[in-house]
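Let's take a walk through a protein together. Keep the picture beside you and look up each residue as it comes along.

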Amino acid sequence: MGIFTFEDESTSTVAPARLYKALVKDADTIIPKAVEAIQSVETVEGNGGPGTIKKISLIEGGETKYVLHKIEEIDEANLGYNYSIVGGVGLPDTVEKITFETKLVEGVNGGSIGKVTIKIETKGDAKPNEQEGKAAKARGDAFFKAIESYLSAHPDYN
């Protein structure tokens, strides 16, 4: 088993508490509205806390697919949220799981900085693949910007 770890930051014009609410607390309803490819988010196991598994259904290449997302930790006081991709199309055959450790902090002019550490855990003797890391980062950046765009277009969302 190998582990490939990298860190990234994204900036947003949206305040940290508002962005956290959309990304974590109201994610099941906001994400399908904000991200065109995502059709639904449903809880398949758990009560919304750590250990909960959510099925995110999406359209990719004209086909309906899904990703299984497991909540690892919620730290509302520090605007932290950790989760793993544990199944579905977001998980290459050589990967056991991809873990995202995220935190929002104050940015400039009332905006946010989203900090993320991504850990890709491979199966058996498979070597971590830098392309998988780049793909995970690109999906994460696009997702973050889609939520930011949705919130900017909906100033009444609190």
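**Starting at Glu9**

Glu9 has a relative accessible area of 48%, which makes it partly exposed (buried is under 20% relative accessible area, exposed is over 50%, and partly exposed is in between, with a 1.4 Å probe and protein chains only). Before going on, note that this is a predicted model, where local features need pLDDT of at least 70 and side-chain atom pairs count only at pLDDT 80 or more, while totals for chains, interfaces and linings use all residues. Residues are numbered from 1 along each chain as its sequence is written, and side-chain values use heavy atoms, with hydrogens and water left out.

So which residue forms a salt bridge with Glu9? It's Lys115, and the closest N and O atoms are 3.8 Å apart (a salt bridge is a side-chain nitrogen of Lys or Arg within 4 Å of a carboxyl oxygen of Asp or Glu). Glu9 sits in strand 1 (residues 3-12) and Lys115 in strand 7 (residues 112-122), so this pair ties together parts that are 106 residues apart in sequence. Helices (H or I, at least four residues) and strands (E, at least two) are DSSP runs, numbered from the N terminus. Lys115 is partly exposed too, at 38% relative accessible area.

A search of the whole structure turns up seven salt bridges. Another one joins Glu76 and Lys25, with the closest N and O atoms 2.8 Å apart. Lys25 is in helix 1 (residues 16-25) and Glu76 is in the loop between strand 4 (63-75) and strand 5 (80-88), so the pair ties together parts that are 51 residues apart in sequence. Glu76 is partly exposed, with a relative accessible area of 44%.

Now for the inside. In soluble globular proteins, nonpolar side chains tend to be buried together. Here, the largest nonpolar core has 37 residues, and Leu19, Ile98, Phe100, Ile147 and Leu151 have the most contacts inside it (a nonpolar core is a set of buried Ala, Val, Leu, Ile, Met, Phe, Trp, Tyr and Cys residues joined through side-chain atoms within 4.5 Å). Helix 3 (residues 130-153) supplies the largest share of this core, six residues.

Helix 2 (residues 27-34) has buried residues as well: Ala27, Ile30, Ile31 and Ala34. Look down the axis of helix 2 and these residues fall within an arc of 100°, so they line one face of the helix (the arc is that of the directions from the helix axis to the C-beta atoms).

Back to Phe100. Leaving aside neighbours within four places in sequence, Phe100 is in contact (heavy atoms within 4.5 Å) with eight residues that you can find in the picture: Tyr81, Asn82, Tyr83, Ile85, Val116, Thr117, Ile118 and Ala136.

Finally, look at Ala126, in the loop between strand 7 and helix 3. Ala126 is partly exposed, at 21% relative accessible area, and is in contact with Gly2 and Thr94, leaving aside neighbours within four places in sequence. The C-alpha atoms of Ala126 and Glu45 are separated by 29 Å, and the two residues are 81 apart along the chain.
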